[in-house]
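Here is a short note for someone opening this entry for the first time. Please keep the structure in view while reading the points.

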Amino acid sequence: MIVAAVIFMTIFFTNRILMVLEQRKVSDKNYYEINGKKIFFHEAGQGSDLIVLLSGSGIACPFIDMQPIYASTLQKKSKVLIIVRLGSGLSDDTFESRDIDAVSDELMTVIRKRKQTGRIFLAGHSLAGLFVMRMAQRYPEDISGILLMDLPSILRAANFNDPLPKLLLYMFKYCRILGLLRLYTAAKRLIIGIRGGNSKDEKIEETAMNKNYFSTAMLKERLEINAYGKEILNNQVIPVKSIIVYSNNELSQWETGEYSYFKKLDCYNIETNEHFFHHQNAELIVEKLEKLIS
């Protein structure tokens with residue numbers, strides 16, 4: 001028992017020390033402090049229009065998740081901004097409310113701090129599509145259009161029944177806090193190294209996982225999905241130009257009546273069951289974004 005306790009304490013304190021050292025190595029100065037918390041962002045490109053990319057739930061490093069779109073030819077025509085929500089990437093975690101209006105306010109605050117003079121377009125994957133919809137409802141004078149990638153059915157979100165027990169979700173969280181997740185990320189780094197990898201991006205992703213995977217904010221978002229869907233259903237129609245791109249799996253979940261929540265809507269189906277289709281089909285997503293801003 002004593003030996004086990006010593007091993008756990010060694011892993012825990014080693015993990016805390018390594019986290020500090022890792023974050024210094026991948027230090028990123030692109031952040032805003034909002035309500036005492038650091039929210040990081042990545043920006044590139046040129047032009048008067050701004051396209052904001054938002055990752056879904058459970059993504060350790062949104063920059064890596066959105067990189068296929070972020071690194072595309074889109075940058076030549078527009079500015080592209082990835083916002084790293086609290087509790088993911090290198091952004092701070094938070095115990096504060098993750099209700100849909102609190103999250104949309106934080107995201108809008110970051111966007112406004114960029115002092116954008118041109119049009120603003122939002123693109124969200126999966127759960128982030130709900131934030132995008134709510135922002136379009138609340139800030140129609142600021143948002144010119146939205147693109148939703150594999151957004152869950154709004155009715156499905158409002159009646160979401162999480163297949164993962166809450167206890168299991170919190171077990172993942174405490175595995176990270178205790179440093180046990182580092183055993184996985186270290187093994188992953190070793191395998192990547194053998195294959196000739198270990199790029200800067202992979203090291204950033206590893207640092208982000210060790211810092212925030214299954215963070216408090218991430219778990220709160222997941223547990224609030226029902227409330228997110230209901231809040232959107234209880235409010236006005238999305239007034240801005242909207243595009244939905246979904247996989248076969250999500251397409252089958254949508255009901256005809258849900259499309260009435262959009263005033264101007266185009267829908268496209270990608271013939272795949274892959275939820276993260278924006279990784280392999282970045283060019284198609286860019287094509288739809290270009291249509292949105294045209």
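1. Start with M108. Its relative accessibility is 1%, so M108 counts as buried. The model is a predicted one, and M108 has its place in helix α3.

2. What does M108 touch, leaving aside residues up to four places away in sequence? The contacts are M135, Y139, D142 and I143. Take M135 from that list. M108 and M135 are 27 residues apart along the chain, yet their C-alpha atoms are separated by 7.8 Å.

3. Stay with α3, which covers residues 100–113. This helix packs against helix α10, residues 225–233. The angle is about 80° and the axes lie 9 Å apart. That angle makes α3 roughly perpendicular to α10, because values from 65 to 115 degrees count as such.

4. Which residues meet where α3 packs on α10? From α3 come I100, D101 and V103. From α10 come Y228, E231 and I232. By class, this contact has four nonpolar residues and two charged ones, with no polar residues.

5. Now the aromatic rings. Searching the whole structure gives six aromatic pairs. One of them is Y32 with F41: the ring centres are 5.1 Å apart and the planes meet at 20°, so this pair is stacked. Are the two residues buried or exposed? Y32 has 17% relative accessibility, so Y32 counts as buried, the cut-off being under 20%. F41 is buried too, with a relative accessible area of 5%.

6. Another pair is F131 with Y228. The ring centres are 5.2 Å apart and the planes stand at 65°, so this pair is edge-to-face. F131 lies in helix α4, residues 128–138, while Y228 lies in α10, so the pair ties together parts that are 97 residues apart in sequence. F131 has 0% relative accessibility and therefore counts as buried. Y228, at 1%, counts as buried as well.

7. Y246, W254 and Y259 form one aromatic cluster. Elsewhere, what lies over the face of Y268? K288 does, at 3.7 Å from the ring centre.

8. Follow helix α3 to its packing with α10. Then pass from Y228 in α10 to F131 in α4. End at the Y246, W254 and Y259 cluster.

Conventions. Residues numbered from 1 in each chain as written. Predicted model: local features only at pLDDT ≥ 70, side-chain atom pairs only at ≥ 80, totals over all residues. Heavy atoms only, no water. Axes fitted to C-alpha atoms, helices over the stretch in contact; angles between N-to-C directions. Helix = DSSP H or I, 4+ residues; strand = E, 2+ residues; numbered from the N terminus. Parallel < 35°, antiparallel > 145°, perpendicular 65-115°, else oblique. Contact = heavy atoms within 4.5 Å. Nonpolar A, V, L, I, M, F, W, Y, C, P; charged D, E, K, R; others polar. Phe/Tyr/Trp six-rings, centres within 6.5 Å; stacked < 30°, edge-to-face > 60°. Buried < 20%, exposed > 50% of the residue type's maximum accessible area, 1.4 Å probe, protein only. Lys NZ or Arg CZ within 6 Å of the ring centre and 35° of its normal.
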